[in-house]
Amino acid sequence: MAEGTISILVADDHTLLRQALSDLLAAEPDFDVVAQAATGTETVRLAGQYRPDVVILDIEMPENDPATTVRCILMQLPEARIIVLSMDDSQPLVRELLSLGVHGYLHKSVSRETLVSAIRERQAGGRRTVTVSVSAASLEPSAAEPELHGGLTLREIEVLTLAGRALSNRQIAIKLGIAEGTVKRHLRNVFEKLGAVSRIDAVNKAVARSLIPAPGRADDLVPPR
């Protein structure tokens with residue numbers, strides 16, 4: 001690899017998008033896309049194998065939650081620049097991943113110039129430089145989502161209720177107007193709060209505690225009071 005060239009690992013589970021992004025970056029004279037990954041575990045494995053300077057990371061991939069993927073990469077490559085490129089730019093998620101050490105959090109609507117500039121950013125004065133480009137809505141102040149009885153938030157109850165109706169993560173995301181990765185994170189939170197090991201287990205425990213109505217009832221999106 002030529003001196004000054006930036007090696008890049010592109011991680012996204014959508015094949016066409018991953019390939020298009022890789023082609024776009026490879027067109028830059030000082031970029032070298034050394035590997036592509038489609039899952040969280042594959043991203044961690046390839047990061048250790050190729051040791052890229054930069055990891056472009058989509059956070060809505062199967063296998064591993066975003067925080068685990070970031071931690072595992074940085075354990076192997078503490079100097080790697082991780083740049084999140086995602087449609088999900090909710091405030092809690094942005095804050096969490098930035099606190100873990102990612103160097104950039106970009107919404108997928110950013111321009112090519114913004115992405116390329118973020119990749120070329122270097123350490124400034126010995127300090128980690130951070131690039132953030134997210135939607136305007138995500139920057140608006142917002143209060144923490146209140147928890148209802150049982151420790152579940154209203155959104156978690158909505159997600160679990162739909163899961164109880166056997167809707168897939170994608171179907172739940174479409175119905176609620178949120179990202180599929182957000183649905184997965186809500187379900188992980190629900191599993192942890194209820195001590196559940198699966199969707200069915202979580203639904204059964206929530207119904208038993210009267211946190212959600214039994215699947216199939218007409219009022220299944222009205223949280224219990």
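D12 is buried, at 4% relative accessibility. Buried denotes under 20% relative accessible area, exposed over 50%, and partly exposed the range in between (1.4 Å probe, protein chains only). The model is predicted, so local features need pLDDT of at least 70 and side-chain atom pairs count only at pLDDT 80 or more, while totals for chains, interfaces and linings use all residues. Residues are numbered from 1 along each chain as its sequence is written, and side-chain values use heavy atoms, with hydrogens and water left out.

Nine salt bridges are present in the structure. A salt bridge here is a side-chain nitrogen of Lys or Arg within 4 Å of a carboxyl oxygen of Asp or Glu. D12 pairs with K108 in one of them, with the closest N and O atoms 3.0 Å apart. D12 sits in the loop between β1 (6–11) and α1 (15–26), and K108 in the loop between β5 (104–107) and α5 (112–120), so this pair ties together parts 96 residues apart in sequence. Helices (H or I, at least four residues) and strands (E, at least two) are DSSP runs, numbered from the N terminus. K108 is partly exposed, at 26%.

R120 bridges to E28, with the closest N and O atoms 2.8 Å apart. R120 belongs to helix α5 and E28 to the loop between α1 and β2 (31–37), so the contact ties together parts 92 residues apart in sequence. E28 is buried at 13%; R120 is partly exposed at 33%. Both residues join D30 and R112 in a network of salt bridges.

R45 and E42 form a salt bridge at 3.9 Å, N to O. Both lie in helix α2 (residues 40–50), three residues apart, about one turn of the helix. R45 is partly exposed at 47%, as is E42 at 24%.
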